[in-house]
Amino acid sequence: VREGVALIIVKDPLQALSSIFLGSFASAYGFGETVTKAIPLMLAGTGLALAFRGRLWNIGAEGQLLAGAVAATGAALSLKDLLPGFLMVPALFAAGAAGGAAWGLLAGWLKSRLQVNEVIGSLMLNYIAAEAVQYLIYGPWKGATQFGFPYTDNFCAAATLPVIAGTRIHAPTLGIALAAAAAAFWVLRKMRFGFEVRALGGNPEAARYAGIDPARTALILMALSGGLAGLAGAGEVAGIHHHLTYPWAVSSGYGYSAIIVAWVAGLNPLLVVPSALFLGGILVGGDAIQTSMGLPASAISLFNGILLLSLMGGEFFARRRPQRSPSPLAGEGRDGGPGHK
Amino acid sequence: MNASFGLGAETLSRSLAAATPLLLGTLGEITAERSGVLNLGVEGMMAAGAVAGFSAAHATGSPWIGLAAAVGAGAALALVHAFFSVTLKANQIVCGIALTMLGLGISGVWGRAFVGAPLECRFQAVLWSRDPVFYLAVVLTAALTPAGIDGQKVVAELRKKGIWIAGGQAEAKGKIFRIAHMGFIDTVDLLGTIGGLEEVLNTLGYKVQPGVGLKAAQEVLAKEAAV
């Protein structure tokens, strides 16, 4: 068996690749699944692209997504008899964004007040969030109507999101994700805050000297990227599961995959949209090759790791590409002259 | 030991076993971070090391070859990290996460063939029913110097005798000294160091009955050899 697995991996990478992408893009069902998985990746990836642009290394999208799912579930369960139906969905998304933002701010506060490195802080909070979800579904929130399964009770009809017929694509979340990517792009390009983020990302020392407050920017970035991941969590529970369930079922690693999404997009929020579709396709194709080629689920993790490393290797060479003629003045140095690199 | 400490000793023993992978992983991470490289790929390196160690031990019947394979697998992934984050100057954080994915992927793909496979060969317990890997993790002892004695002077005086130990760093500078006891260091080295330490403490003005430390150390070593 072991030899068989090794042989498939060495001998037929092209077949594996084509299986992945045929499975996720070539059929209506596969493409629907790809878009479904791209929704949380788009939201979390947009937030991470913003944070990474400001050199804020938020590794906690996974936990922020779960915090959003918990907050949205709390809203759905507690408000079901209190709110008119048409306000339910906005309330869920608001709660999800608030929950994710709060979880992000926790890491931001640890960084700005206690000088806790945000990589460590946000990463550790992922584990805490996953354990908290487990506690809730096995403990106080365990549903009376779920036959003993560790799920909360199902959301009422007004708190579930409409899907595009024949798919699991929950349209409201997709709309929010596309709008968020466009808004983040606009903020980075046109708004004062976006300029501050880019300044901090370009040269933190110069940004500080120009009067930009790094602690304040970090807090806002953590709230924004956490809030976007929280929206993704609200979408997953309200659009897919209709209850809170195991943390690995709510997220299946979207918060970590979103790091690749942001990186593949070159930290450009608009490019996060195709990049999320690409990664969503890999996740769906991963399910396809499990059945068609008998590869284990972790083959996709392997694939993603290699993808991310190849990307970083590629960036190295892209940085070093010889400039054609960057400005008219530099033109003199061409053909091996002193100005030529 | 069990009789006198009861549940406490059992808890301690299990904690030590559970702490072994944490301690080894942490020592590696500290070494990497001291050099300025953040390594978020530890998880992947551990997973790859686990599957390499298991499959090598399974194939050869030798836990030591398994250990070597595990070290080799972890080091190979670390080399990938070094190539990307040091040579290519890529982002360390993203690179570390890529390595975690890669290592978990490798272990899942390669290890699927071994799910449920029994491992006939194991490490024999060497001391206090712990395997040798546990003792690899216990690499040094740090000692607080008595009030009024400068730890750095202890280190300097011992070096005059040809015995190399280390002092404290940063906040601990002068307050502690550290004695390594892994790798090539054997019982004779340890006894020599403790004897030298007695002399040095006496010269620095802290009165120790010569031979007290040696006696205690020899008793511990004799007890361990008897287990």
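Helix α5 (residues 85–114) of chain A packs against helix α10 (residues 214–241) of chain A in this predicted model. The angle between them is about 145 degrees, and their axes lie 6 Å apart. Axes are lines fitted to C-alpha atoms, for helices over the stretch in contact, with angles running from 0 to 180 degrees between N-to-C directions. Helices are DSSP runs (H or I, at least four residues), numbered from the N terminus. The crossing of α5(A) with α10(A) is right-handed, meaning that the near helix is turned clockwise from the far one by less than a right angle. The residues of this contact comprise 15 nonpolar, 9 polar and 1 charged. Ala, Val, Leu, Ile, Met, Phe, Trp, Tyr, Cys and Pro count as nonpolar, Asp, Glu, Lys and Arg as charged, and the others, Gly among them, as polar.

Chain A also meets chain B. Contact (heavy atoms within 4.5 Å) joins 28 residues of chain A to 27 residues of chain B. The two chains bury about 2400 Å² between them, 81% of it on carbon and sulfur atoms. Buried area is the accessible area (1.4 Å probe) lost by two parts on being put together, summed over both. Across this interface, 0 salt bridges are found. On the side of chain A that touches chain B, α1 (2–11), α6 (118–138), α12 (254–264) and α14 (298–319) each give two or more residues. The largest share, 13 residues, comes from α14(A).

Over all chains, the structure holds 8 salt bridges (a side-chain nitrogen of Lys or Arg within 4 Å of a carboxyl oxygen of Asp or Glu). A:R192 and A:E196 form a salt bridge at 3.2 Å, N to O. Both lie in helix α8 (residues 192–202) of chain A, 4 residues apart.

Residues are numbered from 1 along each chain as its sequence is written, and chains are lettered from A in the order in which they are written. Local features need pLDDT of at least 70, side-chain atom pairs count only at pLDDT 80 or more, totals for chains, interfaces and linings use all residues, and side-chain values use heavy atoms, without hydrogens and water.
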